[in-house]
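User: I would like to learn how to read strands and helices in a model. Please start with the terms.

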Amino acid sequence: MATPSYRRVLVVAGLGKGSGTGASTARVFAKAGYSVALVARGADAVHTLAKELNDSGGEAVAFPVKSYSNEDISSVWGDIRSRFSMPQYSIRAAVFNIGYGVWKPFLDITHEQVQESLQTNVAAAFSFSREAILDFKKNDIEQPSGARGTLIFTGATASLRGNVVTSAFAAGKFAIRGLSQSLAKEFGKQNIHVERTGPLLEKHPDWETNADIRLDPDNIAHSYLYLTNQHRSSWTWELDLRPAHEKW
């Protein structure tokens, strides 16, 4: 396989506290040779992870944002394009790892929390997807995968079923699942791979004492890297990741 003349770029949005799926994805892709654009609220965490990756021999740039509004997402993508410009770079992967959890009985949920959940879990996903797909459409088809780019959404158990305290959260995750499926069908024909994973991100009472029922963020990230390398003749749309000892 011929080495491309450009450096592949991953854009990952949502880093948590630096120890979850978003941060692990950045680390795994950096080790695989990707340059990494880190997008998240909280400048300290973004800059700390960027320094870690750069000190390890990778190339990462922090892009902190004040919010996940359409305006801020569009603006930060403009900054990313300026920093990782073609033809030296090519944005080939984007991971939407943003989420806003509301864990309350339905009648205790406020209007403001509903609006924040819809903005963060749904509207931001639309904005992020639009920017990623616009970039992918500029790309040549890469061999041997036959893809222009891969867009991955981090899901949750709440993407598939609601529970007694997840009405607002599940509504947002259901929406992302529908969005990802629609985009996969629309843009697959343009050789753009859209995928949603379903790792268990909800709290579990045994997490602290039983590691076998937890998903390991590093292994989720390796699954994401695998998805970006799939040949277009056999693309995954939905990958439901489950620990071996989980009761589900």
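Analyst: Two strands pair if DSSP finds at least two bridges between them. Helices (H or I, at least four residues) and strands (E, at least two) are DSSP runs, numbered from the N terminus. This is a predicted model, in which local features need pLDDT of at least 70, side-chain atom pairs count only at pLDDT 80 or more, and totals for chains, interfaces and linings use all residues. Residues are numbered from 1 along each chain as its sequence is written, and side-chain values use heavy atoms, without hydrogens and water.

User: Which residue in strand 4 is the bridge partner of Leu10?

Analyst: Ala93 is that partner. Strand 1 (residues 7–13) and strand 4 (residues 89–96) pair in the parallel sense over seven bridges. Strand 1 also runs parallel to strand 2, joined by five bridges; there, Val11 has Ala37 as its bridge partner.

User: How many residues of strand 1 are buried?

Analyst: Buried means under 20% relative accessible area, exposed over 50%, and partly exposed in between (1.4 Å probe, protein chains only). In strand 1, five of the seven residues are buried.

User: Which residues of helix 2 are buried, and why are they on the same side?

Analyst: The buried residues of helix 2 are Val46, Leu49, Ala50 and Leu53. They lie on the same side of helix 2 because they cover an arc of only 100° around the axis, the arc being that of the directions from the helix axis to the C-beta atoms. Asp44, Thr48, Lys51 and Asp55 are exposed on the face turned away from the buried side of helix 2.
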